[in-house]
Amino acid sequence: MIQKFTWILALVMISFNLGFGQSIQSPDSRFSLKFQTTTSGIPVYSLTFQGKPVIADSKMGFELSEKPGLYQNFEISSIDTTSFDETWKPVWGEESSIRNHYKEMAVTLLQQETGRIMLIRFRLFNTGLGFRYEFPKQDNLGHFVIQDEKTEFAMTGDHTAFWIPGDYDTQEYDYTTSKLSEIRKNFDAAVTSNASQQQFSKTGVQTALMMKTSQGLYINLHEAALIDFPVMHLNLDDENMIFESWLTPQPDGTKVNMIAPATTPWRTIIASDDAREVLASRITYNLNEPSKIENTNWIKPTKYVGVWWEMITGKSSWAYTDEYKAVKLGETDFAAAKPNGKHAANTAHVKEYIDFAAENGFDGVLVEGWNVGWEDWFGHAKDYVFDFVTPYPDFDVKAIEKYAQEKGVKMIMHHETSSSVRNYERHMDTAYQFMKAHHYDAVKSGYVGDILPKGQNHYNQWMVNHYLYAVKKAADYQIMVNAHEAARPTGVARTWPNLIGNESARGTEYQAFGGSKPNHVTILPFTRLIGGPMDYTPGIFEMDISKLNPANDSHVNSTLANQLALYVTMYSPLQMAADLPENYQRFPDAFQFIKDVPVAWGRSVYLEAEPGAYLTIARKDKNSENWFIGNVNGNEKRTASISFDFLEKGQDYIATIYADGPKADYLNNPQDYVIKKFRITSKSKLKQASVPGGGFAISIVQATKKEVKGLSKL
């Protein structure tokens with residue numbers, strides 16, 4: 001039910017100086033936003049939380065290729081204020097309904113010397129602020145080119161930040177925790193190698209940026225509704241502690257081509273003195289438009305396994321043969337090639353995965369390396385790299401399709417583009433038609449390497465438009481998309497819910513590329529996941545990668561119990577059990593949690609949270625009365641103290657706790673875990689220890705008095 005209340009305050013042709021401005025408060029009055037123009041006509045905003053400054057006076061506007069820019073000589077022509085309150089139901093999400101409640105202030109600005117109009121729309125929620133720029137249809141502004149965005153986020157101190165380097169092509173970095181003033185000296189060490197990367201400043205960082213002030217205030221900076229616009233980074237003036245937006249450029253160095261009427265993405269600021277409120281905020285989704293897909297019945301949360309980890313670790317190969325160093329599609333004869341004996345995407349092996357999925361209740365099976373071209377897919381700026389429809393000789397598309405259907409398992413397609421974007425767009429309709437013909441309803445796409453055409457970057461306007469084009473085209477065929485190496489999510493999945501997952505951060509694969517920091521997964525929910533779910537691919541049970549591939553001495557820096565907890569803490573409607581089936585068969589009692597945990601949630605309760613240190617989340621199954629809890633721990637041993645008061649009063653439950661064992665150590669003894677069962681109620685409390693890089697997972701099932709008889713009560 002939507003309730004909307006509007007009141008309008010029109011202030012016509014009034015100029016304000018720094019001593020006089022307009023303000024609004026959030027619905028619960030904890031936040032206060034102030035807007036004004038300086039004596040030079042520069043727009044300025046500031047934000048407070050419970051009287052404490054979050055953002056100090058910060059300038060706004062744009063530098064254009066054509067002078068003058070849109071950042072000074074403005075006067076306020078009108079201010080309209082509105083209040084809005086609705087509850088909407090996502091197709092999938094961390095809860096079954098989301099409240100969208102805010103107060104809005106729309107400031108219309110007139111630039112005196114040009115007669116141009118720019119509107120800044122502020123929406124103030126109970127968890128923070130969103131604002132965007134709007135350019136109405138007007139005589140003096142049609143086509144225009146943005147050279148730079150001059151939006152500032154002025155910090156009020158030398159905050160602690162959880163950051164990754166600003167980069168036009170990758171987000172696949174481990175997080176660095178430092179003071180803002182220390183970003184510059186830590187920057188080079190924070191940059192690790194990637195297939196495609198380009199930094200722009202020694203103080204440039206990416207959003208979502210998480211910070212904590214010395215007064216205990218948590219601040220998160222990000223963006224929402226990134227459409228037809230480049231990704232925003234943040235560049236820090238570390239003398240004055242002011243971030244300025246930094247847009248990913250086009251090949252000619254400009255940032256955005258605009259046509260009025262137009263809007264920018266929203267810039268978002270989430271703040272609280274309780275880190276749990278940052279995680280619970282739904283500002284990013286609320287600032288996106290409702291679903292444009294009318295019938296969403298075909299969009300289904302999915303738990304899957306796949307032919308993937310064995311290639312990531314080097315145990316197996318994507319390529320069919322080692323004979324060909326160069327491949328021309330349509331000319332190279334793979335039938336005449338000698339198989340290398342390591343190609344994982346072969347019919348018999350894929351059927352084994354289908355069997356495993358069917359036996360253990362998984363929805364789907366992903367297969368990578370099924371299509372010709374992997375012998376020559378990377379590093380040569382190759383345009384015609386894949387055709388997305390031609391299988392290797394040992395991959396029988398029809399036989400696998402038939403076998404999967406008989407077993408009740410859906411196959412998941414893989415489209416690696418090697419960042420040859422024009423090639424993918426040329427083949428996209430044919431590729432999606434091939435998928436539907438063979439009953440593939442979901443695709444994992446990838447964009448590894450430098451973008452072709454040369455000069456484009458992963459996060460500029462042209463590529464952001466491509467990613468959405470692929471999602472929209474997939475919707476025409478009722479196909480779900482899981483895009484890897486794409487622009488980080490900004491809540492666009494509300495509008496296009498067939499975008500069921502993204503990678504767009506450092507995922508589990510890096511545990512086989514040398515490892516990630518043990519506390520990495522305690523930071524991601526505060527950063528990358530603010531914009532939407534991540535296909536993190538958890539569930540690794542064998543941490544010593546050399547046991548899969550003797551040539552790879554990487555180690556998964558996590559305990560087994562931590563891996564279980566990720567199915568709750570790393571929210572996604574698309575979850576993979578990423579390890580090899582044989583490793584799950586070694587630990588069937590622990591594997592039971594992965595089999596039981598759902599991927600559709602009705603409610604989420606954030607029990608404990610401190611970025612970089614620990615995180616404990618409880619979620620209720622959308623389709624039952626069962627609950628699941630995940631705890632991931634950072635670098636220090638810790639004991640969690642949680643209450644089960646979110647459970648139904650008067651009801652008995654059986655809690656199965658999967659926890660780090662007494663000798664657990666993420667490096668030396670990661671597979672030490674214990675499983676205990678207890679009778680619990682809403683009055684129960686738990687103290688549970690987690691080792692560094694460890695954690696625990698709990699399944700909670702409603703039970704009768706008879707079923708809990710004999711169990712110890714917490």
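Visitor: Which residues point one way from strand 17, and which the other way?
Guide: Tyr218, Asn220, His222 and Ala224 point one way from strand 17. Ile219, Leu221 and Glu223 point the other way, and all of these residues are buried. Bear in mind that this is a predicted model. In a regular strand, side chains alternate between the two faces of the sheet.

Visitor: Why is strand 17 called largely enclosed?
Guide: Buried means under 20% relative accessible area. Seven of the seven residues of strand 17 (residues 218-224) are buried, so strand 17 is largely enclosed by the rest of the structure.

Visitor: How do you know that strand 16 and strand 17 pair?
Guide: Pairing takes at least two bridges. Strand 16 (residues 209-212) and strand 17 have four, in the antiparallel sense. Met211 has Ile219 in strand 17 as its bridge partner. Five residues lie between the strands of this hairpin, where Gly216 takes a positive phi near 85°.

Visitor: What joins strand 17 to strand 22?
Guide: Seven bridges do, and strand 17 and strand 22 (residues 266-272) run antiparallel. The bridge partner of Tyr218 in strand 22 is Ser272.

Visitor: Why does Thr177 count as partly exposed?
Guide: Buried means under 20% and exposed means over 50%, with partly exposed in between. Thr177 has 42% relative accessibility, so Thr177 counts as partly exposed. Thr177 lies in strand 14 (residues 176-179). Leaving out residues up to four places away in sequence, Thr177 touches Thr160, Ala161, Phe162 and Ile523.

Visitor: What makes helix 10 largely enclosed?
Guide: Ten of the ten residues of helix 10 are buried, so helix 10 is largely enclosed by the rest of the structure. Among them are Asn562, Gln563 and Thr569.

Visitor: At what angle do helix 10 and helix 12 pack?
Guide: Helix 10 (residues 560-569) and helix 12 (residues 588-596) pack at about 10°, with their axes 9 Å apart. Angles under 35 degrees count as roughly parallel. Therefore helix 10 is roughly parallel to helix 12.

Visitor: Which residues meet there, and of what class?
Guide: Leu560, Leu564, Tyr567 and Val568 in helix 10 meet Ala590, Phe593 and Ile594 in helix 12. By class, this contact has seven nonpolar, no polar and no charged residues.

Terms used: Residues are numbered from 1 along each chain as its sequence is written. This is a predicted model: local features need pLDDT of at least 70, side-chain atom pairs count only at pLDDT 80 or more; totals for chains, interfaces and linings use all residues. Side-chain values use heavy atoms; hydrogens and water are left out. Axes are lines fitted to C-alpha atoms, for helices over the stretch in contact, and angles run from 0 to 180 degrees between N-to-C directions. Helices (H or I, at least four residues) and strands (E, at least two) are DSSP runs, numbered from the N terminus. Angles under 35 degrees count as roughly parallel, over 145 as roughly antiparallel, 65 to 115 as roughly perpendicular and the rest as oblique. Contact means heavy atoms within 4.5 Å. Ala, Val, Leu, Ile, Met, Phe, Trp, Tyr, Cys and Pro count as nonpolar, Asp, Glu, Lys and Arg as charged, and the others, Gly among them, as polar. Buried means under 20% relative accessible area, exposed over 50%, partly exposed in between (1.4 Å probe, protein chains only).
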